[in-house]
Amino acid sequence: MTRLKIALMGCAGALALSAAPALAQEVGACLITKTDTNPFFVKMKEGATAKAQELGINLKSYAGRIDGDSESQVAAIETCIADGAKGILLTPSDTKGIVPSVQKARDAGILVIALDTPLDPIDAADGTFATDNFLAGELIGQWAQAKMGDAAADARIAMLNLGVSQPSVDVLRAQGFLQGFGVDLGDPNRWGDETDPRIVGHDVTDGNEEGGRRAMESLLAQDPMINLVYTINEPAAAGAYEALRSIGRESDVLIVSIDGGCPGVQNVKEGVIGATSQQYPLQMAALGVEAIAAFAKDGTRPATTEGKDFTDTGVALVTDQPVEGVESIDSARGAELCWG
């Protein structure tokens with residue numbers, strides 16, 4: 001599971017991707033993201049827009065007001081159905097609650113593809129293009145365990161998750177990290193029921209810097225000796241770092257994260273984040289638009305990566321402190337591949 005996986009261009013054979021622009025002129029598609037401010041979703045929109053222009057697809061974009069705003073996403077799906085869209089690309093905030101709306105779209109003949117965050121169940125969508133989020137978490141967990149060495153046995157871990165609804169991406173990343181660090185999991189489909197005494201607690205961040213700061217302060221109040229911080233993404237990691245800096249502990253606490261955006265990679269370079277798992281949102285979105293074009297052309301539906309129930313768009317560990325047994329790239333290479 002430590003094998004480096006980077007899929008920047010390709011996923012050959014996963015999709016029938018040819019769709020002549022002339023045949024796609026009347027094809028409408030929708031991109032619905034969790035927010036339109038997170039750099040990850042900004043890059044996703046950029047990738048989808050560029051590919052839609054290339055293929056002559058009319059793409060409309062929608063987003064929630066904040067991460068977790070499922071109501072806005074439901075409304076966007078209704079709009080896409082009314083507009084006669086041929087396909088919807090969706091990063092769901094509520095991976096279970098939005099399934100009935102997704103099914104309504106599919107019943108209307110619309111291809112629905114989940115990007116980044118699988119629906120629950122995953123086959124509620126026609127396809128999923130995503131990072132292997134469990135592997136992304138596992139890589140930073142393995143790195144942290146190796147980096148701490150013998151001290152890992154006495155770690156004091158703060159878990160800064162996404163939201164109380166525990167969307168699939170939230171669970172997969174957290175559970176992957178814990179398994180990578182050697183923590184026995186409880187129910188693999190949720191976080192928070194682990195019994196390992198090294199875990200100080202879980203809190204939620206809404207995936208933003210203010211949430212990360214707030215959650216870090218809350219967990220530090222429970223245990224001021226926290227020395228390892230897992231964060232759902234790099235904005236949350238930046239907030240956690242600020243909370244630690246406010247009490248003079250920014251240099252003796254290890255922070256790990258997931259995303260691989262340019263600000264996050266810069267934070268790896270500056271030592272704010274010890275390691276992050278980099279994913280590739282532009283690739284996800286471009287492949288999604290190509291899948292809609294193929295579906296519009298002849299009804300072709302996306303295939304999954306061999307051995308998985310989704311199309312894997314790649315992940316790589318970024319750190320300037322490599323450890324034996326966990327393959328990684330440095331921040332210089334990460335900066336070449338980053339987004340945002």
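Arg173 has contacts, meaning heavy atoms within 4.5 Å, with a set of residues from several parts of the chain. Leaving aside its neighbours within four places in sequence, Arg173 touches Asp116, Asn133, Gly137, Tyr230, Ile232, Asn233, Ile258, Asp259 and Gln279. Arg173 sits in helix α5. With a relative accessibility of 4%, Arg173 counts as buried. Buried stands for under 20% relative accessible area, exposed for over 50%, and partly exposed for what lies in between, with a 1.4 Å probe and protein chains only. Helices (H or I, at least four residues) and strands (E, at least two) are DSSP runs, numbered from the N terminus.

The model is predicted: local features need pLDDT of at least 70, side-chain atom pairs count only at pLDDT 80 or more, and totals for chains, interfaces and linings use all residues. Residues are numbered from 1 along each chain as its sequence is written, and side-chain values use heavy atoms, with hydrogens and water left out.

Four aromatic pairs are present in the structure. In the pair of Phe177 and Phe181, the ring centres are 6.0 Å apart and the planes lie at 15°, so this pair is stacked. Rings of Phe, Tyr and Trp (its six-membered ring) pair if their centres lie within 6.5 Å; planes under 30 degrees apart count as stacked, over 60 as edge-to-face and the rest as tilted. Phe177 and Phe181 are about one helical turn from each other, because they are four residues apart in helix α5, which covers residues 168-181. Both Phe177 and Phe181 are buried.

Phe177 also pairs with Tyr230: the ring centres are 5.1 Å apart and the planes lie at 25°, so this pair is stacked. Phe177 belongs to helix α5 and Tyr230 to strand β8 (residues 228-231), so the pair ties together parts that are 53 residues apart in sequence. Tyr230 is buried, as is Phe177. Tyr230 is also one of the residues in contact with Arg173.

Elsewhere, ring pairs link Phe40, Phe41 and Trp339 into a cluster.

**Backbone details**

Most residues other than glycine have a negative phi, and most peptide bonds are trans. Asp116 is not a glycine, yet has a positive phi of about 70°. Asp116 lies in the loop between β4 and β5, and is among the contacts of Arg173. The loop between β4 (111-115) and β5 (127-130) also holds Pro121. A cis peptide bond, with omega of about 10°, joins Asp120 to Pro121.

Gln166 is not a glycine either, and has a positive phi of about 50°. Gln166 is placed in the loop between β6 (157-161) and α5.

Lys43 is part of helix α1 (residues 39-55). Beyond its neighbours within four places in sequence, Lys43 is in contact with Pro281, Leu282, Trp339 and Gly340. One of these, Trp339, belongs to the ring cluster with Phe40 and Phe41. Lys43 and Ala136 are 93 residues apart along the chain, and their C-alpha atoms are separated by 19 Å.

Ser70 lies in helix α2 (residues 70-83). Again leaving aside neighbours within four places in sequence, Ser70 contacts Ser93, Asp94 and Ile98.

| Residue | Relative accessible area | State |
|---|---|---|
| Lys43 | 16% | buried |
| Ser70 | 14% | buried |
| Asp116 | 3% | buried |
| Gln166 | 16% | buried |
| Arg173 | 4% | buried |

**The whole chain**

The protein contains 10 helices and 12 strands. Its radius of gyration is 20 Å, close to the 20 Å that the globule rule gives for 340 residues, so the protein is as compact as a globular protein of that length. The radius is taken over C-alpha atoms, and the globule rule is 2.2 Å times the number of residues to the power 0.38. The C-alpha trace spans about 60 × 35 × 30 Å along its principal axes.

Of the 340 residues, 57% count as buried. Among contacts between residues at least 6 apart in sequence, 73% join residues at least 24 apart. The accessible surface comes to about 13,400 Å², with 49% belonging to carbon and sulfur atoms. Accessible areas come from the Shrake-Rupley method with a 1.4 Å probe; for residues, only the protein chains shown count as cover.
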